[in-house]
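Hi everyone, thanks for making time this morning.

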Amino acid sequence: MSHHPHLTTSPMDPESEKLLDVLISNVLRGGLIVASSLMIVGGIIYFWHATTAPTEYSHFVLEPTQLRTLSGILTLAFKGDGEGIMQLAVVVLLATPFLRVVASLLMFLREKDWKYVVVSLVVLSVLLYSLFAGQTGG
Amino acid sequence: MEAILLVASMAAGLLGSLTGLGGGVIVVPFLVLGFGVDLRYAVGISLVCVIATSSGAAAAYVREGYTNVRIGMFLEMATTIGALTGAMITTLVEKKWIGIIFGVMLLLSAYTSVAKHQEEYTGEPDKLAARFSLSGNYPTASGARSYNVTGVPGGFLLMYVAGILSALLGIGSGALKVVAMDNLMKIPFKVSTTTSNFMIGVTAAASAGVYLGRGYIQPPLAMPVMLGILVGSLVGASLLHKMKTETLRKVFSVVICLVGIEMIYKSLMGQL
């Protein structure tokens, strides 16, 4: 069934390589489905309750701090706030590639492919740092 | 306004995937020039859309076996560090300059979308390519076809620049990828396109985190644009096999050129 036998020079056997592909594909698809659903639910709640005049986007105003931190977004979302749920959708979307890298890291660990364990760790730390730096840097 | 944005975003997503230009290159100018949205909001929202479309397309390509996950992970070290650099300096760069760089990137995108593909590389892999086992193969009508990779240091460096530009402009930097992966590293077109798409999600996530934390992402604006682009690009991807896109590509590269020129002009005039 392997219509695409993978990298011949790779230390990973084709079976695991295929498994990695399917795992990555499922992580990406799952994250996308969850994020889109949250976006739709949040959008419906938001526009249902929208009473104020439409927001102007031609002038740059920073988001309130509550919508900028993970704890703030989670608090708002669990209260059923439309904007909070939409922002949670954005967070899930950001977490999807992150989880994809975690999935690859686990596969490379299982395969004892140390070079790519290190490569995955480097990418993962940059992503973590970016989320952390974003949270603290105003 | 949201309903118009939703429909316009669908059209942008459809065009982006049919022409191979990607969502970001279309979303940002259409939000900024078409809807008068501030450039910084547009870039933040575009990054979110880029992650969504990249995840959607990559989920399919990876399964089909075109994507080279190793090349992707290896070059992601360069693009994510670049993206972090870009997100850090974006507040220091004047809006005018971001507009000008964007215009130049549009011109480059227009050119690379109609340029001829490179011949396939048949030589030996270079030292880094061998050490990180970057060689691979991909499915064709006549069975799996294997390939080697070269020019890794140059490609790596250029992908770092692509990461910076992705963060500054909210785009996937597909045009720079063509130069880095196709021309320098000599990766077969199908593989480089799908692998670059695979990397774009992680690259955009590295800068979108910083944008989110700084309050540049507005949920009521992100919602219609993200959903519209996603639906549009999924429809586009399913049409792609059944359509001849050559003419569309040519026509659209002219449009993109004009938009690029307008972007540069408006930036210089201080109208952005």
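Let's start with chain B: from the N terminus on, its elements run α-α-α-α-α-α-β-β-α-α-α-α-α. That is eleven helices and two strands, where helices are DSSP runs of H or I with at least four residues, strands are E runs of at least two, and both are numbered from the N terminus.

Some housekeeping. This is a predicted model, so local features need pLDDT of at least 70 and side-chain atom pairs count only at pLDDT 80 or more, while totals for chains, interfaces and linings use all residues. Residues are numbered from 1 along each chain as its sequence is written, and chains are lettered from A and ligands numbered from 1 in the order in which they are written.

Now the overall form of chain B. For 272 residues, a compact globule would have a radius of gyration near 19 Å, and chain B agrees with 18 Å; the radius is taken over C-alpha atoms, and the globule rule is 2.2 Å times the number of residues to the power 0.38. Along the principal axes, the C-alpha atoms of chain B fill a box of roughly 50 × 40 × 30 Å. Buried residues account for 63% of the 272. Here, buried is 20 or more other C-beta atoms within 10 Å of a residue's own, exposed is 12 or fewer, and partly exposed is in between, with C-beta atoms placed from the backbone.

On to helix packing. Which way do α3(B) and α9(B) run relative to each other? The axes of α3 (residues 39-64) of chain B and α9 (residues 189-213) come within 8 Å and cross at roughly 150°. The two are therefore roughly antiparallel, a label for angles over 145 degrees, with under 35 roughly parallel, 65 to 115 roughly perpendicular and the rest oblique. By class, their contact has 14 nonpolar, seven polar and no charged residues. Among the residues that meet are B:Leu47, B:Ile51 and B:Tyr61 in α3(B), and B:Phe198, B:Ile200 and B:Tyr211 in α9(B). Contact means C-beta atoms, placed from the backbone, within 7 Å.

The axes of α1(A) (residues 14-49) and α3(B) come within 8 Å and cross at roughly 150°, which makes α1(A) roughly antiparallel to α3(B). B:Ser55, B:Ala58 and B:Val62 are among the α3(B) residues that meet α1(A), and these three are also among those that meet α9(B).

Stepping back to the whole interface, the contact takes 60 residues from chain A and 57 residues from chain B. On the chain A side, α1(A) gives the most, with 15 residues.

A:Lys112 has a positive phi of about 55° although it is not a glycine, and it sits in the loop between α3 and α4 of chain A. In chain B, the phi of B:Ser133 is near 40°, again positive in a residue other than glycine, and B:Ser133 is in the loop between α6 (127-131) and β1 (136-140). Buried or exposed, for each of them? A:Lys112 is exposed, with 9 other C-beta atoms within 10 Å, whereas B:Ser133 is buried, with 21.

That's my tour, so over to you for questions.

Methods
Axes fitted to C-alpha atoms, helices over the stretch in contact; angles between N-to-C directions. Contact = placed C-beta atoms within 7 Å. Nonpolar A, V, L, I, M, F, W, Y, C, P; charged D, E, K, R; others polar.
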